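Me: I'd like to go through the terms used for this model and check each one against its cut-off. Can you take me through it?

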Amino acid sequence: MAILSLAFTLLFIVVAIVAPILWGEQATVANPSAILTPPGPGHPLGTDALGRDILLRTLVATRLSLVMALVATVMGAVVGLLIGALPTVLGPRAQRLFSSVINTWLAFPVLLVAMLTVILLGAGSNTAVIALALTMTPSFARLAQTLSSRVGGSEYLAAARMLGVSRSRQFTKYVLPNIAEPVIVNVTISIGGGLLALSSLSFLGVGVQPPEYDWGRLLSEAFAQVYTAPAAAVGPGVAVVLAGITFGMLGEALAGHLRTQGGGKVLSRRKLGAAPTAPVPATDVPAAPTALLEVTGLSVAFPGPHGWIRPVHDVTFSIAPGEIVGVVGESGSGKSVTMMAVAQLADAGAAVTARTLRFGHDDLLASSSESRRTLGTKIGVIFQDSLTALNPAMRVGSQLAEVPRVHGKASRASAHRSAVAALDAVRIPEPERRANQFPHEFSGGMRQRALIAMAQMGKPSLIIADEPTTALDVTVQQRVLALLRRECEETGAAAIVVSHDIAVLAELCQRVLVMYAGRIVEDVDVRLLATPELLAHPYTRALAASLPDLDTDRTRPLATIPGEPPALTEQLPGCAFAARCPFATDLCRTETPIAQDHQHGGRVACWHPQDSPLDRQRTLEGAVL
C-alpha cells in the first residue's frame with residue numbers, strides 16, 4: 001500500500017506541474033467546430049459545450065485542485081495546532097478558555113460553517129479554501145489538544161519551565177516535536193477529504209468560478225449533459241476518487257510505518273469553594289540563621305469531584321547549605337508533592353499555601369518572573385522516571401545545553417561543549433557521541449546520570465532528587481548514589497532525596513524527614529536508623545524495624561505495619577497514624593500532635609514519643625488501661 005500510494009502521489013505531483021505547462025492554453029481555447037464531440041481517437045473523453053478537450057482540462061485542473069486542498073488542510077492544521085496545543089505552555093486558564101472555543105466550534109455543522117463563509121465572502125476559489133480551513137480547524141485543534149495534554153503534564157516540560165525556557169521555545173522544541181507524528185498522519189489523510197469537500201463546493205457552484213476550473217467545476221459542467229454524454233463526467237470523477245484514495249492510503253501507510261517504528265473535567269474553585277489556606281500551627285521549626293531553604297506551614301490541595309483533596313498538610317522544615325536530607329514514607333504520603341511545590345513545579349490546578357517559603361534571599365511565595373527564572377539555575381531537579389523526564393524528541397546534549405543557552409546566553413557551540421563536559425563529569429562514556437543521541441538510546445542508569453548532569457548544569461545550591469534510583473538494579477543504584485554524593489561534595493550543593501527505600505537514605509543522607517499522610521511526623525538523625533529502639537515515633541520505628549540486615553533472622557517474617565494509610569479524601573481528626581499505632585489513646589484520635597524537640601536531637605510530632613523501652617512499656621500499659 002505504501003509503494004502504491006507513493007507512486008500515485010508522485011504521479012499526481014508530476015501531472016500538477018507538467019500539465020498546465022504543456023496543455024494549459026489548449027485546454028482553455030474554445031473550438032466551435034468540435035462542440036460536444038463524443039469520445040474518440042482525438043478526444044478520449046470528448047469535448048464540452050465550447051469544444052474544449054475534457055481530458056486535457058481534467059489534467060490541467062489537477063494543479064488547482066491539489067493546491068487548494070493542500071493549502072486549506074495546512075491552514076486548518078496550523079490554526080488548529082495554535083488553538084489546541086499552544087495553551088499547553090500558556091497555563092490552565094488559557095487551556096480552559098481555548099477548550100471552550102474548540103467545543104463551541106465543533107458544535108456547528110460543517111456545511112453550515114462553509115455556507116456561512118461563502119455568504120459573507122462571496123463565491124470563489126479563495127473563499128472555498130477559507131471555508132474548508134475553517135471546517136478543518138476544530139478537528140485539528142481537538143487532536144492537538146488531546147496529544148499536547150500528555151506533554152503538558154510531562155516532567156521534561158516542567159523542567160523547561162523551571163529553567164526559564166521561553167514559551168515560544170517550549171512550544172516549538174518540547175510540545176510540537178512530541179505530537180508531530182500523529183498530526184502529520186492526520187494532515188495526509190485530511191488532504192483527500194479536503195479534495196472531496198472542495199470539489200463538492202465547486203460542483204454546487206459556490207467554489208471555483210469561471211474562467212478558473214477544478215475537478216468539481218468540471219463535474220458541474222458535465223452534469224448538464226450526463227444523459228447524452230456521460231463520458232464527460234468520467235475524467236474529473238475518477239480523478240477526485242483516485243486522489244482521495246491515494247492520500248488516504250498514504251496516510252494509513254505512514255501511520256502503519258510509525259507504529260512499527262515506535263513500537264477530565266476541570267472543576268472550578270467556584271464550585272469547590274475557596275482554596276484551602278494553611279492551618280495555624282502551634283509551633284514552627286526554628287530555622288537556622290544560615291538556612292538555605294526555609295519552609296513553614298506548607299500545604300498543597302487539588303480540586304476533586306467533591307471538594308479539595310489535601311495530600312500535604314502544614315509541612316515545616318529547613319535545609320542548611322551543603323546538607324543532604326532524605327524524605328521517606330509510604331506511597332501517597334505527600335513526599336513528591338511537597339518537593340515539587342518547593343521547586344515551584346506543582347501540577348496545574350494545585351493550590352499551594354505556606355506561611356514561609358524562602359530559598360536563600362528569595363521569597364518563593366511572592367517571587368517575580370525574573371527571580372523564578374533565576375531559580376531555574378539555583379534549584380536542580382532530578383525526576384523519578386528518567387525516560388519521561390527527558391524530552392524524547394530532543395538529543396540529550398541539546399537538553400543539557402538549555403541552561404547555558406537560556407541563562408548564560410551562550411552560543412550553540414559553547415553550550416554543546418558544556419553539555420559534553422557535564423556528561424563526562426558523571427562518568428558517561430564517549431560523551432561527545434552520547435550527547436548526539438536521543439534518550440531512548442541510553443540505558444536506565446545512563447539516563448539517570450544524564451539527569452544528574454542536567455541538574456548540575458546551572459551550578460545549583462539545592463538539588464531535589466525525586467526517587468533517583470527507581471527501577472534501577474542494586475549495582476546501578478550504588479553508582480548513582482555515589483555520583484550524587486560526589487557532586488554535592490564537589491559543588492557544595494545541598495540535596496533533598498525522596499525515596500521509599502529507607503536503606504538508600506541511610507547510606508546517603510545526614511538526616512531524614514519521615515512523612516505520613518501528608519505530614520512530617522519525625523525529623524531524625526540518620527545514624528539513629530540503625531538502632532530503632534532510640535527512635536521516638538512509632539511509625540519511624542516500624543519503618544526502621546522493617547529494614548533487614550546481615551544479622552536478621554531469616555526464619556522469621558519481616559516486620560510489617562498492619563492496616564492501610566488513610567485515603568487522601570479523608571480528613572481524619574487527630575493523628576493520622578492512630579488507627580495503626582499500638583500506643584494510640586483517645587487524645588491521639590481527637591487532636592493533631594504538635595511537632596516538638598526531642599532528646600535525640602530532632603523533632604517528633606507524637607503525643608506519646610517512645611524514648612526508651614521502659615517508657616514504651618509504660619505507654620503501652622497506659623493505652624491498655
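This is a predicted model: local features need pLDDT of at least 70, side-chain atom pairs count only at pLDDT 80 or more; totals for chains, interfaces and linings use all residues.

Me: What makes helix H11 mostly covered?

Reply: Six of the eight residues of H11 (residues 335-342) are buried. Those residues are Lys335, Thr338, Met339, Met340, Ala341 and Val342. Helices here are DSSP runs of H or I with at least four residues, strands are runs of E with at least two, and both are numbered from the N terminus. After H11 comes Gln344, with a positive phi near 65°.

Me: Why does Thr188 count as buried?

Reply: Its relative accessibility is 12%, and the limit for buried is under 20%, so Thr188 qualifies. Thr188 sits in helix H7 (residues 167-203). Apart from neighbours within four places in sequence, Thr188 is in contact (heavy atoms within 4.5 Å) with Phe247, Leu250, Gly251 and Leu254.

Me: Why is H2 called oblique to H8?

Reply: Two packed helices are described by the angle between their axes and the distance between the axes. Axes are lines fitted to C-alpha atoms, for helices over the stretch in contact, and angles run from 0 to 180 degrees between N-to-C directions. Helix H2 (residues 54-85) and helix H8 (residues 215-223) pack at about 135°, with axes 8 Å apart. That makes H2 oblique to H8: angles under 35 degrees are roughly parallel, over 145 roughly antiparallel, 65 to 115 roughly perpendicular, and the rest oblique. On the H2 side, the contact is made by Arg57, Thr58, Ala61, Thr62, Ser65 and Leu66; on the H8 side, by Trp215, Leu218 and Glu221.

Me: Which residues touch the most other members of the largest nonpolar core?

Reply: Trp215, Leu293, Phe317 and Leu400 do, in a core of 149 residues. A nonpolar core is a set of buried Ala, Val, Leu, Ile, Met, Phe, Trp, Tyr and Cys residues joined through side-chain atoms within 4.5 Å. Leaving out neighbours within four places in sequence, the contacts of Trp215 include Phe12, Leu195, Ser199, Pro236 and Val240.

Me: Why are E7 and E12 at the edges of their sheet?

Reply: The open sheet has eight strands in the order E7-E8-E9-E3-E10-E11-E13-E12, with mixed pairing. E7 (379-382) and E12 (595-597) each have a single partner strand, so one side of each lacks a neighbour in the sheet. On average, neighbouring strands are turned by 20° against each other, direction ignored.

Me: How do you know that E11 pairs with E13?

Reply: E11 and E13 (residues 603-605) share two antiparallel bridges, and pairing takes at least two. Glu522 stands opposite Val604 in E13. E11 (residues 519-525) also has five of its seven residues buried. Strand E10 (residues 511-516) runs antiparallel to E11, joined by six bridges, with Tyr516 opposite Arg519. In the hairpin of E10 and E11, which has two residues between the strands, Ala517 has a positive phi near 55°. Helix H21 (residues 538-545) lies across E3, E10 and E11, at about 110° to E10.

How values were computed: Residues are numbered from 1 along each chain as its sequence is written. Side-chain values use heavy atoms; hydrogens and water are left out. Buried means under 20% relative accessible area, exposed over 50%, partly exposed in between (1.4 Å probe, protein chains only).
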